[in-house]
Amino acid sequence: MFERLGIQARFGNAGFTIVLNPYAEQQKSSSEGGADQGPMSSDDSARNPSCVCSLLSALAAHPHVVDVSTNRPIELHGTNGNVQGLVQSGNGAQKPFNAAGITGHGEVVGVVDSGVNVNHCFFRDVSNTGGSIYGTSWNMDATKVLHYDDVWYDRTDNSGHGTHVAGTIAGKPFQGTSPVGNGVAEDAKLAVFDFAISASGSFDPGVDRLFTSLYNHGNGAKVINGSWGRQGSGVYSAECRDMDDALAQYEDILYVASAGNMGSWRTINSPADCKSTLAVGATFNQN
């Protein structure tokens with residue numbers, strides 16, 4: 001039973017997380033280059049209430065277990081318009097940062113999302129350097145995307161969300177396209193962490209894996225954006241403990257998290273509600 005458990009290391013070797021993942025077969029088939037098999041049957045042990053309760057009871061009684069909590073699903077966030085001007089002045093037509101020459105030049109921003117369409121005109125590599133960006137590789141001479149960690153072996157953006165977010169941050173066309181809609185830091189470069197599995201959803205492999213990939217020993221991203229979250233439970237979550245522990249060690253990383261899409265009282269999502277992240281949200285619906 002539970003042949004499809006996922007074991008995920010906690011940050012700093014502080015134990016591990018067990019994930020009862022109903023899409024484990026899709027991860028396996030994707031890593032082997034096969035087709036998605038679809039969700040597992042309803043009688044699978046990872047979805048069987050009796051099996052899950054038995055496991056939780058055994059874990060809770062173990063003297064080495066600190067806590068047992070739910071692994072809340074990831075929800076993607078974000079809509080925008082006239083983003084450069086709104087961020088810089090509150091007016092879509094006025095861009096004082098850009099006018100002062102502050103465009104993100106020399107910076108690398110990490111994007112943790114559903115992937116990025118690297119063939120889009122905002123991200124296409126026209127450097128002709130030929131270096132790989134996938135897996136653990138970095139091409140520091142690439143035009144826009146220096147690194148693309150396809151953690152679940154999926155180099156696509158089926159939802160378009162990650163491409164939208166990356167464009168909001170640093171999108172900029174390089175050949176024969178109008179600059180309308182350029183990103184806030186249009187001259188910054190990107191390191192992408194794609195944690196989506198085709199159309200099945202997004203699966204967080206843990207902050208240790210994420211920071212190791214994007215930080216690149218201090219030569220990669222020191223600003224990391226996550227326009228996604230988990231609906232809050234009103235308590236300081238295990239995910240936040242891991243995030244805050246990581247940010248205490250990676251002192252020069254700023255993690256920017258979207259507050260969420262709900263827009264009502266007390267609806268800030270994790271990890272935006274962690275102690276050391278920067279939560280960002282709009283003040284008006286039209287923004």
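The following legends describe an overview and several close-up views of a predicted model.

**Figure 1. Overview of the chain.** The predicted chain has 287 residues, of which 44% count as buried. Its secondary structure comprises seven helices and 10 strands. Among contacts with a separation of 6 or more, 66% are accounted for by residues 24 or more positions apart. The accessible surface comes to about 15,000 Å², and carbon and sulfur atoms contribute 52% of this area.

Figure 2. Helix α2 spans residues 49–61 and contains 13 residues. The distance from its first C-alpha to its last is 18 Å, close to the 18 Å expected at 1.5 Å a residue. Cys-51, Val-52 and Leu-55 are the buried residues of this helix. Viewed down the axis of α2, these buried residues fall within an arc of 95 degrees, so they line one face of the helix. The face turned away from the buried side carries the exposed residues Pro-49, Ser-50, Ser-57, Ala-60 and Ala-61.

Figure 3. Val-223, Leu-254, Leu-278 and Val-280 make a nonpolar surface patch of about 280 Å². Leu-254 belongs to strand β9, which covers residues 254–258. With a relative accessible area of 38%, Leu-254 is partly exposed.

**Figure 4. The salt bridge between Arg-209 and Asp-149.** Side chains of opposite charge can pair when their charged atoms come close. Five salt bridges are counted in the model. In the one between Arg-209 and Asp-149, the closest N and O atoms are 2.6 Å apart. This pair links distant parts of the chain, with Arg-209 in helix α6 (residues 207–215) and Asp-149 in strand β5 (residues 145–150), 60 residues apart. Arg-209 is partly exposed at a relative accessible area of 35%, whereas Asp-149 is buried at 3%.

**Figure 5. The salt bridge between Arg-155 and Asp-150.** The closest N and O atoms of Arg-155 and Asp-150 lie 2.8 Å apart. Arg-155 has a relative accessibility of 47% and counts as partly exposed. Asp-150, at 9% relative accessibility, counts as buried.

**Figure 6. The salt bridge between Lys-172 and Asp-187.** Lys-172 pairs with Asp-187 in a salt bridge whose closest N and O atoms are 2.6 Å apart. Both Lys-172 and Asp-187 lie in the loop between α5 (161–170) and β6 (189–194), so the pair ties together parts that are 15 residues apart in sequence. Lys-172 is partly exposed, with a relative accessible area of 22%. Asp-187 likewise counts as partly exposed, at 24% relative accessibility.

Conventions: Residues are numbered from 1 along each chain as its sequence is written. This is a predicted model: local features need pLDDT of at least 70, side-chain atom pairs count only at pLDDT 80 or more; totals for chains, interfaces and linings use all residues. Side-chain values use heavy atoms; hydrogens and water are left out. Helices (H or I, at least four residues) and strands (E, at least two) are DSSP runs, numbered from the N terminus. The expected span of a helix is 1.5 Å times one less than its number of residues. Buried means under 20% relative accessible area, exposed over 50%, partly exposed in between (1.4 Å probe, protein chains only). The arc is that of the directions from the helix axis to the C-beta atoms. Patches are made of residues with over 30% relative accessible area and no salt bridge: like charges are joined within 9 Å, nonpolar side chains (Val, Leu, Ile, Met, Phe, Trp, Tyr) within 5 Å. Accessible areas come from the Shrake-Rupley method with a 1.4 Å probe; for residues, only the protein chains shown count as cover. A salt bridge is a side-chain nitrogen of Lys or Arg within 4 Å of a carboxyl oxygen of Asp or Glu. Contact means heavy atoms within 4.5 Å.
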